[in-house]
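Here is a short briefing on a ligand site and a sheet. Look over the sequence and the structure before reading on.

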Amino acid sequence: MSSFSFIMQYIKKHRYRYAAGVVTLFVVDFANLFIPKMTGTITDGLTAHTMDWNGVKSCLLIIFLLGAILALGRFLWRFFIFGASRSIECELRNEMFAHLEKMSVEYYNEHKTGDLMTRFTSDLNAVRMAIGPAIICVFDASVMGIMIIFQMMYYVNVKLTLLTIIPMFLICIGEVYYGKIIHKRYRERQEAVSDLTDFVQESFSGVRVIKAFVRERAEMRAFAKQNQNTMNKNLNVVRLQAIVMPLLDVIIGLSSLLTLLYGGYLALAGDITLGRFVAFNQYINMLVWPMIACGDAINMFSQGAASIRRLQEVFEEKPEILDSPEAEDVEKIKGEIDFSHLTFVHRGHTEPTLRDITLHVPVGTTLAVIGRTGNGKSTLVNLLLHLYNTAPGMILIDGKDINHISLKTLRENIAYVPQDNFLFSDTLKSNIAFGAEGEDMDAIVEATQAACIHDSIITFPDRYETVVGERGVTLSGGQKQRSSIARALMKNAPILILDDALSAVDTDTEEHILHNLKKNRAGKTTILIAHRISTIQNADIIMVLENGEAKEVGNHEELMKKNGIYKDMFEKQQLEAAKGEQAAGGDRR
Ligand SMILES: Nc1ncnc2c1ncn2[C@@H]1O[C@H](COP(=O)(O)OP(=O)(O)O)[C@@H](O)[C@H]1O
Ligand SMILES: [Mg+2]
């Protein structure tokens with residue numbers, strides 16, 4: 001679809017508002033035109049002594065009425081056209097957000113957040129300018145310009161008009177060029193400011209590292225450089241404006257000079273009356289704005305068109321992960337999982353991340369997945385959540401291919417503690433009740449007690465109302481993990497996945513949480529991913545992943561008997577734990 005027809009769909013929805021706006025615009029322009037004519041009539045009447053005080057009064061009354069129409073009209077066209085363009089901006093923003101929410105995790109890996117943010121801010125803004133102010137400029141400028149020039153020719157003098165409007169066209173052409181250059185400089189200035197902001201933000205959040213490495217001076221120098229850069233970019237804008245503004249006055253002055261010279265000559269020769277000469281001067285000045293506006297409108301349209309294309313790019317990317325035509329909502333998921341020859345290659349990788357994994361997990365089982373980092377543990381559970389597409393028949397839940405289960409049912413029935421436990425900048429209460437309907441305090445406390453975080457929360461000054469994240473308190477890694485676990489437990493889903501969710505929790509607390517989980521999850525399926533054997537040794541099934549392959553499968557005793565990787569890991573970790581205790585004991589002495 002072309003950019004033009006894309007944006008026209010939205011404009012058409014608001015066509016009545018646009019039409020009303022354009023009509024009032026015409027009325028305003030028309031009323032505007034009569035004011036110089038009235039002053040001309042008064043001047044002529046007074047010089048020829050044909051007008052008495054009453055005549056002047058009625059002319060003034062007309063001017064006053066025209067002024068009132070102008071004021072009302074100018075309010076109305078803004079109301080209609082700006083209103084419509086703001087509505088379209090809002091619709092586009094909503095649609096874009098809704099569209100992006102549907103995109104896969106991979107889409108976000110491949111697109112920078114900053115770039116997506118720009119589309120929400122400056123691009124949407126440029127589009128709004130093109131469908132609001134630019135449209136006004138075009139209608140207003142062309143109608144005003146044509147009507148003024150016509151009045152000048154018809155009411156005053158054709159030759160005089162032709163002569164004096166030549167410099168005016170220079171303004172229009174000049175404005176197009178000026179607009180392009182100033183836009184580029186504005187953008188550079190904007191980039192410099194955002195670089196500076198990023199720099200300050202990074203230095204503040206990284207203040208500990210800066211201090212620890214005694215880099216304050218270096219940071220100050222780097223900041224001064226960035227700051228200088230921002231100033232230079234600002235000066236670039238100011239310099240151009242400083243040259244162009246006086247130039248504009250010169251051109252306007254040139255027009256006035258020509259008017260005075262030739263118009264004065266015509267007035268002396270008696271070809272035009274003094275009143276028309278006065279009106280002409282006013283017309284010339286009125287012509288400046290339409291000329292500038294024309295140039296501006298051309299620039300706003302070209303920037304808007306470029307931005308519309310960037311928005312279209314977002315909309316044209318189809319979500320990769322969709323419900324297939326066979327997908328259906330499942331009434332009740334029990335929680336039996338089957339991996340059947342599951343092989344998966346990440347995009348951009350040549351080697352498979354997971355190779356030929358076959359495993360049956362009955363309802364109510366605790367499955368543990370253990371292995372070194374980068375061996376595909378997170379990938380495995382992401383596939384179960386259908387965050388990436390898998391070939392048909394490779395993953396079954398309750399015997400049903402996950403491609404045939406709607407995304408909604410699938411994800412509603414799986415509670416997930418991601419490895420990078422993310423909390424929103426909101427209260428702890430809202431964070432923990434995130435996946436649940438409503439904020440039932442009893443259920444929240446039950447979940448936080450099971451996740452061993454309740455006792456910490458009640459020591460915070462605002463307890464459950466404590467705001468976490470950038471604007472609130474900083475939680476420790478372990479507290480964050482336990483809050484994420486509580487959030488997942490709140491869901492009470494048939495399948496629970498904990499992806500390395502206990503790594504930052506001390507062993508005593510871990511034992512507590514595991515004990516609570518056992519009670520909480522009786523009869524329900526749980527998947528535990530960990531790298532500490534202590535976390536998983538009581539699991540019903542343990543799968544050791546190495547290079548994406550399920551190297552060893554069985555329970556703790558079986559795997560120990562195998563004398564393989566698992567036993568090796570177990571012994572190493574026992575040894576490390578013993579060393580750790582010795583060191584701690586040494587400290588105490
Ligand atoms: N979104 C992704 N795109 C491409 N490669 C990925 C992606 N996520 C993980 N990988 C790759 O897959 C491999 C396994 O990663 P992961 O499943 O996170 O391992 P683990 O959880 O065991 O540490 C790694 O080599 C990693 O680089
Ligand atoms: Mg992982």
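In S9, Val544 is the bridge partner of Ile370. That residue pair belongs to a parallel pairing: strand S3 (residues 366-370) and strand S9 (residues 541-546) are joined over 4 bridges. The model is predicted.

**The sheet**

- S3 and S9 sit within an open sheet of 6 strands, ordered S6-S7-S8-S3-S9-S10.
- The pairing in this sheet is mixed.
- Strand S6 (414-417) and strand S10 (549-554) are the edge strands.
- Each of these two has a single partner strand, so one side of each lacks a neighbour in the sheet.
- On average, neighbouring strands are turned by 15 degrees against each other, direction ignored.

**A helix across the sheet**

- Helix H16 (residues 477-491) lies across S6 and strand S7 (495-499).
- Its direction is at about 180 degrees to that of S6.

**Around ligand 1**

- The shell around ligand 1 holds 15 residues.
- Those that come nearest are His346, Thr373, Lys377, Ser378 and Thr379.
- Two elements give two or more residues to this shell: helix H4 (105-110) and helix H11 (377-384).
- H11 gives the most, with 3 residues.
- By class, the shell has 12 polar residues, 3 charged residues and no nonpolar ones.

Key
Residues are numbered from 1 along each chain as its sequence is written. Chains are lettered from A and ligands numbered from 1 in the order in which they are written. This is a predicted model: local features need pLDDT of at least 70, side-chain atom pairs count only at pLDDT 80 or more; totals for chains, interfaces and linings use all residues. A residue is near a molecule or strand if its C-beta atom, placed from the backbone, lies within 6 Å of it. Ala, Val, Leu, Ile, Met, Phe, Trp, Tyr, Cys and Pro count as nonpolar, Asp, Glu, Lys and Arg as charged, and the others, Gly among them, as polar. Two strands pair if DSSP finds at least two bridges between them. Axes are lines fitted to C-alpha atoms, for helices over the stretch in contact, and angles run from 0 to 180 degrees between N-to-C directions. Two residues are in contact if their C-beta atoms, placed from the backbone, lie within 7 Å.
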